[in-house]
Amino acid sequence: MTSAQTIAVPRSSARSAADHAFPAFGALPRRAGIGLKNEHAADLLRDRPPVGFLEIHAENYMGAGGPPHHLLKGLRETYPLSVHGVGLSIGGVEDLDERHLDRLAALIERYAPQSFSEHLAWSTHAGVYFNDLFPIAYDDAALKRVVRHVQQTQERLRRPMLLENPSTYVAYARSDWSETDFLTEIARQTGCGLLLDVNNVMVSCVNHGHDAHAYLDAFPMWAVGEIHLAGYAERQDSLGARLLIDAHGSAVADDVWALFQRATARLGPTPTLIEWDNDVPELPVLLKEARAADTILAASADAPTHTAEALA
Amino acid sequence: MSPLSAQDQFAHAALDPSAGAPDGLAAWNGSSVEQRFGVYRNNVVVSLVDALAAKFPVVQDLVGEAFFRDMARVYVMQQPPCSPRLADYGAGFAEFIEDFTPAAGVPCLPDVARLEALRLRAYHAADATPLDAHDFANVGAERLFDSRVALHASAGILTSRYAVVSVWAAHQGLGDLARVDQFAPEDALVARPDLDVVTTRLAAGCAVFLRALQDGATIGEAAARASTGEPSFDPAAAFGLLLSARIAIALHC
């Protein structure tokens, strides 16, 4: 992963906005993209609306053939593609599933996406796949394990990947790293990039009593190759404090837009995905969210903080 | 605690509501860890029940949403997915339903689940271009009799003691469920020669004929097997089905 490592330089080395996003492999356009949903595929194929890129969940395209591949093949002719895995279980204590790595490699071979990303989480254990992203403890043992798994993935896929910060509802008492330091160290040791999920930042910070602005300030922006935006749902914990759920079933919340603005002020234009996986709205609603993100991305190109940082 | 036992505990508790939250978890404000852990438990079960509901809509129609979700929840806890490729999940749902006593009042339910599972399998099966009449015309009748036919990977055959195709069709708005005699046996062919999954009711003996071809029998052998069990089997019609359903993809003379 030497090519990636050369990019992982300290932020003090000046780079222009155009060099900013972490090159996961082909570079996604620094614009807003949308998650590809079955419900929208036919409309997208027919109208080919201008969105920056499409993102798919890798596991939904691991069948041999049929309509999913037919539609994706057609859409791939028009749109840059991000492949986002949800099932590799990179944070798991068990070895990575070689068969799953093979399936990912085959999918990446088939569609030549501009980016591949996965989560700092685990989802498979003792032969069971849980279809959810479980949290890990942030300690030295976990760091070593995750670094090994990221390296193995990058070697198998023969390209650097992006690793996403998780949304979590509980913490481990034995964690002795902050999440941002933990991610920084993984990126530094493996040369992987990071996927900054701004909604997850809000969800996790509220759920653990952290300051989301401070979290962003501590986030290693030099490694960010993509941003995710989504809607959260709100509950209360047993003491009546807010408990946010990473539900992906509604519009991006105002406070998440504000965090996005703060992040892009530092990052400059960055590939940004609107995720909306449950209660999927009509395509125009999703496209409107993408346009709102594009407006903020465009403004970030000449944001004072960003310019100052780039020139520093 | 070693990380292995921590994830062991977490994994176990995620699927067992009677297990408490795993040890070693914390909440910043001292609120209930059990309640927070419940978010994961809920995500796992609800997302998988939703996945089954999307895969088995006619099963759900037949028993109602509330019953279906209760039944699916039991299945998820007993037989959670073993792979992140969720397209495969639910392949054993029909067998589970067969043993699920509260569903015994709808005897056709397991076979309807089998039909929907075949349709899902067909949806994701490998693509192939079906042979057409020209491909067969070049082979003489004699040689055809001794030929083997490779069927499309999407082709699935179901033999049922129930009117499984009619029940399924009624739920697609293709007939009136009230007028279906559920106890009239029907066989089904499911295939996806192009992009659409097609469900066809098979004439007598055709299921045996197609299964024999899938097992590698020649056309002649397959027809003989079908005739043995079903005197009214019509070999010409069965051969015609290979063409009309567009499920033959290669001919080995």
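What percentage of the contacts in chain A with a separation of 6 or more is accounted for by residues 24 or more positions apart? It is 79%, where contact means heavy atoms within 4.5 Å.

Some ground rules. This is a predicted model, in which local features need pLDDT of at least 70 and side-chain atom pairs count only at pLDDT 80 or more, while totals for chains, interfaces and linings use all residues. Residues are numbered from 1 along each chain as its sequence is written, chains are lettered from A and ligands numbered from 1 in the order in which they are written, and side-chain values use heavy atoms, with hydrogens and water left out.

Chain A, then. Chain A has 11 helices and 13 strands; these are DSSP runs numbered from the N terminus, helices being H or I with at least four residues and strands E with at least two. Of the 312 residues in chain A, 61% are buried. Buried means under 20% relative accessible area, exposed means over 50%, and partly exposed is in between, with a 1.4 Å probe and protein chains only. The accessible surface of chain A is about 11500 Å², and 52% of that belongs to carbon and sulfur atoms. Those areas come from the Shrake-Rupley method with a 1.4 Å probe, and for residues only the protein chains shown count as cover.

One residue in this chain is His69(A), in helix H3, residues 67-76. His69(A) counts as buried because its relative accessibility is 4%. Beyond four places in sequence, His69(A) touches Tyr61(A), Gly63(A), Ala64(A), Leu107(A), Arg110(A) and Tyr111(A). His69(A) and Arg110(A) are 41 residues apart along the chain, with 9.8 Å between their C-alpha atoms.

Next, the cores. A nonpolar core is a set of buried Ala, Val, Leu, Ile, Met, Phe, Trp, Tyr and Cys residues joined through side-chain atoms within 4.5 Å. The largest one has 148 residues, and those with the most contacts inside it include Ile186(A), Leu163(A) and Phe68(B). Helix H2 of chain B, residues 33-55, gives the most to this core, with 10 residues. Domain 1 (1-106) and domain 2 (126-253) of chain B each give at least three residues to it; the bounds come from an automatic or database domain assignment. A second, separate core has 31 residues, among them Leu144(B), Ala191(B), Leu213(B) and Phe239(B).

The centres of domain 1 and domain 2 of chain B, taken over C-alpha atoms, are 37 Å apart.

Ile186(A), neighbours within four places aside, is in contact with residues including Leu120(A), Leu143(A), Leu163(A) and Cys192(A). Phe68(B) is in helix H4 of chain B, residues 65-78. Is Phe68(B) buried or exposed? Phe68(B) counts as buried, because its relative accessibility is 0%. Among the residues that Phe68(B) touches beyond four places in sequence are Val49(B), Leu52(B), Phe56(B) and Phe93(B). Leu52(B) is 16 residues from Phe68(B) in sequence and 9.3 Å from it in space, C-alpha to C-alpha.

For contrast, Val198(B) sits in strand S5 of chain B, residues 198-202. With a relative accessible area of 38%, Val198(B) is partly exposed. Val198(B) is in contact with Arg119(B), Leu189(B), Val190(B) and Ala191(B), leaving aside neighbours within four places in sequence.
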